[in-house]
Amino acid sequence: MKKGRKIVEDKFDLHSLNKFASLMAMGNGYLGLRAAHEEDYAGQTRGLYIAGIYNKATVNETSELVNLPDISGFKIEINGDTFSLLNGKIHSYTRELILATGEVKREILWEIKGLRFQIVFQRFVSKENLHLLASKVTITSLDNDAVLKIVTGIDAQQTNFGKQHLIEEKVRIYNEKIMQGVYQTTESSHRISLAAACTFQGETDVNFSAKNRQLLTSIKHEIKKNQPFIIEKAGALFTSLDQGVNDPEKDAFQLIEETLLDGYDTLLEKSAFKWQEFWHKKRVSIVSENEFDQTAMDFALYHMEIMTPAHDQRFSVGAKGLTGEGYKGHVFWDTEIFIAPFHLFTEPKTAKKLLTYRYLHLQQAKEKAQLNGYEGALFPWESAFSGEEETPEFAAINIRTGIRQKVASAIAEHHIVADIAFAVVQYFENTKDEDFMKKEGLSLLKETSRFWLSRAVEEDGQFSIKDVIGPDEYTEHIDNNAYTNYMAYFNVKQTLFFMGKYGDQDGELIERGNDFLNRLYLPVPNKEGIIPQDDTFLNKPEIDLAKYKEKQGSQAILLDYSRQEVNEMQILKQADTVMLLYLFPDLFPADIVAKNLHYYEKHTIHDSSLSKAIHAIVAARCGDMEAAYRFFQEACLIDLGPNPHSSDEGIHAASLGSVWLAGVFGFANVILKNNTLSINPKLPADWSKMSFPFYCRGSRLEILLTPNQVAVTLISGPALTVEINGNEYLVNEEIEVNL
Ligand code: BGC
């Protein structure tokens with residue numbers, strides 16, 4: 001199903017409709033469009049989303065990323081028969097997401113009532129103009145002349161799984177050509193304007209209608225045998241949230257009017273040019289025995305690009321990007337820890353915007369802290385546009401008991417506070433952006449530190465952080481989670497460092513901060529060398545997890561055990577202590593890292609997609625290349641693997657981010673520490689070459705690795721010292737080091 005720089009689906013499969021709609025989604029960070037088929041199928045979820053456009057269906061619900069009116073659907077009738085791949089006969093079928101250009105193309109040879117038709121669907125979201133998307137349908141009748149009817153338009157019957165978020169304000173047709181719908185979200189009051197128009201050649205009978213929230217154009221045409229009929233459609237979206245836009249209605253109309261002069265191919269070419277620039281600047285090239293490694297890496301980068309609202313710092317990245325409604329489009333720690341590094345080390349200004357999103361919501365984080373009886377800033381576990389806590393209070397219902405399971409993350413998964421602080425420091429380390437650090441960075445650091453000072457409790461002269469959830473969400477309400485405590489320590493330590501650097505005289509914070517650092521309990525390895533995940537974890541019983549590991553990602557364990565029972569056993573959903581080892585490679589000696597990786601992995605089901613690639617990195621650093629490569633490949637299969645439902649509700653954004661992390665921080669083993677960039681590659685045995693661009697402190701580098709050599713080329717910026725296998729080299733043009 002995957003080849004080269006394409007994601008390919010070579011047969012029509014009803015079971016994986018929604019998975020492929022997510023995998024082949026198109027976008028540009030401003031908007032995202034699922035690759036649902038043009039024709040309807042029961043159970044197929046269409047989706048068009050704009051970053052930042054959230055709404056609450058009712059006051060008691062959390063905000064969700066609004067599924068906007070659809071403009072990608074086409075109903076096609078040939079000689080009175082509706083085109084559907086459930087009717088007639090499919091002679092051939094291929095659908096490709098062409099990563100190089102961002103286009104999705106589907107080619108079908110279809111037969112109905114003994115007559116064959118070649119139908120080609122093409123679609124893309126423009127990377128050149130964030131507000132634009134376009135499609136093209138080419139139909140050729142191969143055996144006879146035929147009568148064609150195509151109906152398409154702006155369909156506002158879309159919902160978020162039954163919840164309607166939009167009021168239809170206005171629908172209009174202009175000049176018998178341009179359709180326009182203007183809508184308003186019911187609670188957040190954003191205005192959204194969509195305009196669309198179709199172009200075609202030849203004699204056609206065109207009609208318009210507006211009914212039941214559908215503004216449609218119907219086109220009738222007699223096609224001659226072997227003469228392709230082409231219909232092109234362009235769509236434009238603007239909202240009242242757009243920066244610098246006063247009138248979304250006018251702007252959408254104008255864009256379509258202008259665009260009609262350019263055909264689909266010209267628009268695609270302009271957009272593809274931007275994609276070409278992207279690949280030129282960001283691609284990680286891998287020469288591997290397994291072609292799939294390159295495809296998976298390209299796929300990860302493609303999605304990171306289309307999920308990130310690099311145009312606007314008021315928004316961040318949802319757990320499914322803009323490809324589906326999973327997690328309601330909410331933003332988690334996934335952004336700072338799994339996705340931001342790709343940007344930071346290739347395009348730091350995008351990473352800065354993601355941090356600014358947090359800075360802009362410091363006030364809401366302070367209010368959340370206060371509401372929970374703490375000081376400083378307690379960032380929401382899940383957030384959307386307002387910056388308020390958006391985690392649903394309850395998870396899935398147990399339909400046998402009618403009892404809903406409370407979601408504890410909002411009240412206890414507090415490591416997100418330190419994750420954000422970590423990303424702030426990492427940003428500064430790689431950019432030395434003093435302006436940001438003095439203002440936004442330091443405010444974030446001080447307020448997050450204040451939170452930890454108030455969050456810790458004193459016991460027998462020591463500080464503990466009690467009743468938390470670490471990254472492992474199968475272990476709730478525990479004390480002194482190693483990950484959380486070390487991250488909180490780092491958070492406060494860095495705050496004091498930067499306060500000192502910038503002459504911040506807040507005496508109370510300095511005094512309390514130092515006391516916290518001196519007395520915070522930091523778990524150390526026990527006599528077997530294992531770092532306790534929390535105060536009680538290592539005393540809990542163990543069970544054989546083989547059966548659940550086989551079905552990882554499915555949470556099958558919760559069918560056999562209640563959450564409370566899982567909580568009382570040594571069972572991890574995802575990397576936790578291993579996450580700590582990944583973020584702080586030098587915190588413990590190599591033998592302790594290896595022991596802990598092994599111990600905790602044995603107890604980890606990897607039910608979260610945030611787990612596998614992190615294990616790959618730590619295993620690579622331990623030199624266990626066989627395990628590292630296996631974890632990496634399994635991480636790549638989270639979205640691209642055979643499970644037909646793995647990505648129904650959207651791709652796994654953090655997992656895709658971690659595929660890049662595994663390549664760069666795992667296999668290339670790049671570490672930015674103190675004042676040097678070190679590269680100590682650990683390439684998988686199947687890889688004969690890896691090369692990638694890397695931004696470090698104003699210098700743009702191209703790093704090329706083979707099993708026997710490291711070559712670093714300075715593309716732009718100042719000369720830089722690089723450490724390779726323990727020796728330092730000054731890169732002012734190009735260096736080659738034999739291993
Ligand atoms: C994971 C979290 C993650 C969230 C969103 C959960 O299943 O346990 O770590 O932040 O998904 O991706």
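For a chain of 739 residues, a compact globule would have a radius of gyration near 27 Å, and the protein chain has 27 Å, so the two agree. This is a predicted model, and the values that follow are computed from it. Along its principal axes, the C-alpha trace spans about 85 × 60 × 55 Å. Of the 739 residues, 60% are buried. The accessible surface comes to about 28200 Å², and carbon and sulfur atoms account for 47% of that surface.

The chain contains 20 helices and 33 strands. Its contacts can also be sorted by how far apart the partners are in sequence. Among contacts between residues at least 6 apart in sequence, 66% join residues at least 24 apart.

One pair of helices can be followed in detail. Two packed helices are described by the angle between their axes and the distance between the axes. Helix α5 covers residues 334–344 and helix α6 covers residues 348–359; they pack at an angle of about 150°, with their axes 7 Å apart. Because angles over 145 degrees count as roughly antiparallel, α5 is roughly antiparallel to α6. On the α5 side, the residues in contact are T335, E336, A340, H343 and L344, and they meet P348, T350, A351, L354 and R358 in α6. Sorted by type, the residues of this contact are five nonpolar, three polar and two charged.

V137 lies in strand β13, which runs over residues 132–141. V137 has a relative accessible area of 1%, so it is buried; the cut-off for buried is under 20%. Leaving aside neighbours within four places in sequence, V137 is in contact with F74 and I76, with I119, V120 and F121, and with F229, I230 and I231.

A residue in a loop gives a second example. K573 lies in the loop between α15 (563–567) and α16 (577–583). Is K573 buried or exposed? At 8% relative accessibility, K573 counts as buried. Not counting residues up to four places away in sequence, K573 touches D472, E473 and Y474, then Q555, and also T604, I605, H606, D607 and S608. Both V137 and K573 are therefore buried, V137 in a strand and K573 in a loop.

Key:
Residues numbered from 1 in each chain as written. Predicted model: local features only at pLDDT ≥ 70, side-chain atom pairs only at ≥ 80, totals over all residues. Heavy atoms only, no water. Axes fitted to C-alpha atoms, helices over the stretch in contact; angles between N-to-C directions. Helix = DSSP H or I, 4+ residues; strand = E, 2+ residues; numbered from the N terminus. Parallel < 35°, antiparallel > 145°, perpendicular 65-115°, else oblique. Contact = heavy atoms within 4.5 Å. Nonpolar A, V, L, I, M, F, W, Y, C, P; charged D, E, K, R; others polar. Rg over C-alpha atoms; globule rule 2.2 N^0.38 Å. Buried < 20%, exposed > 50% of the residue type's maximum accessible area, 1.4 Å probe, protein only. Areas by Shrake-Rupley, 256 points an atom, 1.4 Å probe, with all protein chains shown as cover.
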